[in-house]
Amino acid sequence: MHDHPFTALDAVPVNPRTARVHEEGWQSWSPSGAYSLGARPYRPANANWATVCYRPGVGVPAGVFQGEGLLALDPGDGSPARLWAAVDPTGSVPSIRLSVRGGVAEIAADGPVKEWTGSGIQSVLGDWADSLALPSPRPAPTVWCSWYEYFTTATEDDIHENLRAMDTLDLPIDVVQIDDGHQKALGDWLTLSGRFRSRAGIADTIRARGRRAGIWTAPFLVDPASDLAAEHPEWLVRDPAGGFAHAGRDRGHDLRVLDPTHPGAAARLTEVYRTLRTEGYDYFKTDFLYAGALDGVRHKEVDGIEAYRAGIALIREAIGPDAYLLGCGAPILPSIGLFDAMRVSPDTAPHRRPEADDHSQPGQDSAEFTGFARQWQHGRLWTNDPDCLLARPAVETRERWAAHVEATGGLMASSDRLLSLDQWGVATTRRLLTGVER
């Protein structure tokens with residue numbers, strides 16, 4: 001539990017009518033963005049989403065702004081923007097709070113922070129990122145992903161159909177990425193679901209057509225009905241009471257967490273990703289990564305952030321330096337230096353509004369809000385992934401969503417059944433994919 005006491009840091013005069021506060025959310029799906037002082041920041045609509053999409057165990061009092069490791073303020077009176085940032089962003093991520101009393105913003109944090117000033121919120125965040133002096137990310141491939149058309153029901157035949165359509169429609173797609181649904185269960189990554197015949201075989205087919213093979217996994221999630229959970233309960237993170245640590249609820253049951261600090265679990269992670277790499281996959285979308293940083297009792301006495309970074313390091317070692325690694329649902333600051341690309345928003349969707357107006361949930365509004373606010377990360381921390389282009393006629397406000405994806409300049413991925421695209425959809429998909437520096 002993240003329960004350190006808060007220490008007062010500063011008091012900054014503000015113009016209550018024009019000041020803006022940027023909250024940086026914990027992970028990819030956590031709402032992040034700038035608010036007026038009178039706004040109500042987005043908060044979890046239920047306890048499950050608080051675990052799966054926000055910072056678990058960390059609440060925010062009413063009327064308080066809170067950033068996880070980063071909080072920025074534009075005082076609105078012409079004075080410089082201010083940023084309070086974690087001193088050790090990949091090791092310790094304090095919560096930073098701002099409350100307003102009598103025209104003064106009061107800042108407090110529950111861990112060490114350093115202050116920055118700049119000309120505006122996005123600018124000062126960018127200055128902070130520049131100070132990390134990370135290598136420039138390599139150019140991102142263009143991608144087709146099965147998720148937003150087929151979700152968990154994709155079949156091998158669906159992949160073959162879209163492979164043929166890419167050629168027919170002359171789409172410049174580098175990577176064909178098989179998303180969730182190829183595996184028997186979360187945790188049983190090398191056991192196929194009944195919808196796929198041969199993982200190596202389909203990778204061979206993709207490569208024979210001159211494209212690269214990509215695959216989705218959620219390395220730290222374990223389905224309690226999986227073979228892994230039944231055969232190796234000792235590989236799972238525990239809670240202090242001796243039960244299993246809880247990664248939220250999905251697909252009808254509570255999800256468990258793999259412990260990469262256990263030698264057996266570490267060996268399994270290595271086996272999974274070496275196998276996939278040997279089979280011909282060299283683009284890896286790793287998802288639901290928040291689970292790796294959850295608090296719990298592990299084989300080694302390390303905190304969640306250290307365990308998470310160790311797990312991602314195992315994956316990178318297994319796939320090799322040339323493979324492309326995309327993170328999603330990932331704790332933002334603890335991921336610095338580990339990924340080629342990072343999802344910087346909640347999932348998009350064929351619809352605009354997120355469920356219960358919770359801006360951690362799928363929807364074009366929520367994806368645009370946070371994706372825009374994290375534009376400062378692009379090219380500095382990694383290549384931003386704004387989520388996939390959806391251009392088929394059934395997609396609500398598809399023109400507006402395409403404009404957002406195009407404006408980011410980040411990872412470009414299509415996720416339609418390609419034969420369902422009309423003339424506008426084909427032209428837009430081709431234009432966005434062609435416009436990427438490859």
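**Salt bridges, strands and a helix pair**

A: Glu161 is buried, with a relative accessible area of 18%. Keep in mind that this is a predicted model.

Q: Which residue does the Glu161 side chain meet in a salt bridge?

A: Arg417. The N to O distance is 2.8 Å.

Q: Is Arg417 buried or partly exposed?

A: Partly exposed, because its relative accessible area is 31%, and the buried class stops under 20%. Glu161, at 18%, falls on the buried side.

Q: How many salt bridges are there in the whole structure?

A: The search finds 34.

Q: OK, give me another one. What does Arg82 pair with?

A: Glu115, at 2.3 Å from N to O. This pair also links distant parts of the chain. Arg82 is in strand β6 (residues 81-86) and Glu115 in strand β9 (residues 113-118), 33 residues apart.

Q: And burial? What class does each get, Arg82 and Glu115?

A: Arg82 counts as buried, at 18% relative accessibility. Glu115 counts as partly exposed, at 35%.

Q: What about Asp227, which lysine does it meet?

A: Lys184, in a salt bridge of 3.3 Å, N to O. Asp227 is in helix α6 (residues 227-231) and Lys184 in strand β12 (residues 183-185). They are 43 residues apart. Asp227 is partly exposed at 31%, and Lys184 is partly exposed at 48%.

Q: Which residues do shared partners join into one network?

A: Arg352, Arg353, Asp357, Asp365, Glu368 and Arg400. Salt bridges that share partners connect them.

Q: How does β2 pair with β5, parallel or antiparallel?

A: Antiparallel, over four bridges. Strand β2 covers residues 20-23. His22 stands opposite Ala72 in β5.

Q: And β5 with β6, parallel or antiparallel?

A: Antiparallel, with four bridges joining them. Leu71 stands opposite Trp84 in β6.

Q: What's in the turn? How many residues lie between the strands of that hairpin?

A: Six. Gly76 takes a positive phi there, near 80°.

Q: Now helices. At what angle do the axes of α7 and α8 cross?

A: Roughly 35°. The axes come within 8 Å. Helix α7 spans residues 263-278, and helix α8 spans residues 304-319.

Q: Left-handed or right-handed crossing?

A: α7 passes α8 in a right-handed crossing.

Q: Which residues of α7 and α8 meet?

A: From α7, Ala266, Leu269, Thr270, Tyr273, Arg274 and Arg277. From α8, Gly311, Leu314, Ile315, Ala318 and Ile319.

Q: How do the residues of that contact divide?

A: Seven are nonpolar, two polar and two charged.

Conventions. Residues numbered from 1 in each chain as written. Predicted model: local features only at pLDDT ≥ 70, side-chain atom pairs only at ≥ 80, totals over all residues. Heavy atoms only, no water. Salt bridge = Lys/Arg side-chain N within 4 Å of Asp/Glu carboxyl O. Helix = DSSP H or I, 4+ residues; strand = E, 2+ residues; numbered from the N terminus. Buried < 20%, exposed > 50% of the residue type's maximum accessible area, 1.4 Å probe, protein only. Pairing = 2+ DSSP bridges. Axes fitted to C-alpha atoms, helices over the stretch in contact; angles between N-to-C directions. Left-handed = near helix turned anticlockwise from the far one by under 90°. Contact = heavy atoms within 4.5 Å. Nonpolar A, V, L, I, M, F, W, Y, C, P; charged D, E, K, R; others polar.
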